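Please look through the structure shown here before reading on. The report below takes up a few of its parts in turn.

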Amino acid sequence: MTTVEEKISDVSPEKTDSKEEIIQIPIHTLNIKRLIELDACTRCGECLSWCPVYDQDSREDIVPRRKIIDFLKIARSQNGFLAKIMKSEKIGESFKKVIRSLFGYQEVTEEQIKSFVANLYECSTCGLCEVVCPAHIDTVSLWEDLRRLIVSAGYGPLEPQKVLRKSIMTYDNPWQQPRTGRTKWSRRAKKDNLITEEPREIIKSKGKVLLFFGCTASYDANVKQVAINTINILEALNIDYGVLGKDEKCCGSVLLRMGDPEHKRLFQENIDQFNSLGIETLISSCSGCFKTIMQDYPKVGKLNFEVLHTVEYLARLLKQDKLKFLHTVNRTCTYHDPCHLGRATGGFDAPRLIMNSIPGLKLIEMPRNKKYSRCCGAGGGLKSGYPDIQNKMAQRRVKEAEESGAKELVSCCPFCYQGLQVGISSLGSDIVVKDMSAYIAESLLGYDVFERADEDAAAKKKKKEEAQLSGEDEKKAEEADSDG
Ligand code: SF4
Ligand code: SF4
């Protein structure tokens with residue numbers, strides 16, 4: 001497991017370590033709401049009892065109240081009247097000594113700042129502390145804003161997170177994959193008979209619904225079921241949709257969560273592109289992309305369309321009687337609320353409405369659900385910065401799912417899919433992780449496309465082998481005839 005000391009050495013501000021050159025954190029760029037929130041923490045410790053990261057790494061330094069205390073300490077040591085006196089070369093050391101003892105003034109070292117930074121990034125921005133905080137501190141926005149200050153002072157993000165940033169800048173995706181690879185999955189899926197047609201390009205189809213896949217669903221072969229099933233659902237329902245194909249870029253969520261100001265440029269480029277399409281609705285099967293486009297993009301630019309998670313869009317069609325689940329899906333599952341769909345946007349009901357409407361599907365809730373759902377650790381840059389912690393968080397959630405007695409663990413986010421899979425592999429668990437799109441597609445089509453493709457491939461193989469065998473038999477017979 002990566003120790004905090006190793007993480008601190010990861011935090012590498014561009015300047016030297018000398019006391020005189022400690023870089024100023026630009027606290028003046030925080031808005032008034034954040035400053036009030038920093039002051040509002042009563043140190044009650046409720047967040048400590050709930051934080052899923054603290055659950056796996058019981059260091060007081062990483063819990064919200066400590067982060068707030070440490071940040072204020074840094075801010076006080078760098079700003080204000082006393083800080084000015086203490087930094088002045090004209091004031092003697094004996095006077096400074098008096099100030100220290102009289103006002104309890106403490107200088108903060110570069111080492112302490114680095115330690116604070118490492119702790120600030122040991123957080124999945126799951127938002128549970130916000131739910132339980134009696135002072136109603138908007139903690140996720142606070143952490144993101146503090147990370148922004150840290151990045152602009154050159155202290156963040158962490159080294160492994162810089163790889164994601166570089167990849168987004170170079171390839172428009174965080175997974176270091178070429179732009180041309182974004183649509184590779186659909187060509188492959190068509191060839192494997194998992195989809196009947198490649199997704200319609202919105203530029204040609206002029207569809208009213210834009211389906212935004214996101215980088216994880218597009219590039220990670222292990223979560224390809226999300227994109228494939230979503231396409232099959234939209235085709236089955238004859239939705240007037242389209243996709244951006246090779247022109248789709250990262251939504252920029254990763255940059256925002258890590259505090260990188262570059263997210264604004266990416267947001268604006270995407271907003272301009274989306275607004276130019278004449279769409280009415282943008283849907284995404286990725287909870288991270290959905291939350292970012294729906295909640296964070298409007299802070300940068302106006303959107304001329306509505307934004308929905310795919311399950312919300314389908315739940316609406318269900319309520320309007322435009323969607324009917326005809327086929328039975330005999331499964332028992334438990335549902336993991338993605339933080340970015342659930343706690344962040346209040347999307348608790350749509351997934352449950354869908355699951356409860358699919359004939360045969362039995363949903364067993366875990367004790368920690370809806371706004372108290374336990375985070376799988378995949379978001380907020382935690383998985384790249386602290387993979388061991390993420391792994392333990394995922395294991396904790398998977399164990400909870402196992403205890404529910406369900407055979408399948410379903411969510412509606414490719415990020416959660418990846419994150420939970422880590423826990424399943426580490427535990428060697430038999431539980432199967434699913435994306436909700438799989439159940440929806442199966443109930444609409446009457447079969448699982450992956451199972452059917454496997455059966456077709458096996459039948460084809462068998463036929464070929466039989467043909468080869470009978471060819472060999474004929475050959476043998478011919479040889480026997482000629483011998484005779
Ligand atoms: S729950 Fe809120 S008020 Fe209480 S310690 Fe945590 S951040 Fe501070
Ligand atoms: S956002 Fe989640 S992981 Fe981060 S401090 Fe709050 S409860 Fe812990």
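What follows is a short report on a strand pair, a loop residue and a nonpolar core.

## Basis of the model

The model is predicted, and local features need pLDDT of at least 70, side-chain atom pairs count only at pLDDT 80 or more, while totals for chains, interfaces and linings use all residues. Residues are numbered from 1 along each chain as its sequence is written, and chains are lettered from A and ligands numbered from 1 in the order in which they are written.

## A β-α-β unit

Strands β3 (residues 281–284) and β4 (residues 306–309) run parallel and are joined by 4 bridges; strands pair if DSSP finds at least two bridges between them. Helices (H or I, at least four residues) and strands (E, at least two) are DSSP runs, numbered from the N terminus. Within this pair, Thr281 stands opposite Glu306 of β4.

Together with helix α17 (residues 287–296), β3 and β4 make a right-handed β-α-β unit, where right-handed means that, with the strands pointing away from the viewer, the path from the first strand over the helix to the second runs clockwise.

## Pro298 in the loop

Pro298 is found in the loop between α17 and β4. Because 13 other C-beta atoms lie within 10 Å, Pro298 is partly exposed (buried takes 20 or more such atoms, exposed 12 or fewer, and partly exposed is in between, with C-beta atoms placed from the backbone).

## The largest nonpolar core

The largest nonpolar core has 128 residues, among which Ile150, Leu211, Ile354, Leu409 and Leu420 touch the most other members; such a core is a set of buried Ala, Val, Leu, Ile, Met, Phe, Trp, Tyr and Cys residues joined through C-beta atoms within 7 Å. Helix α9 (residues 139–152) gives the largest share of this core, 7 residues.
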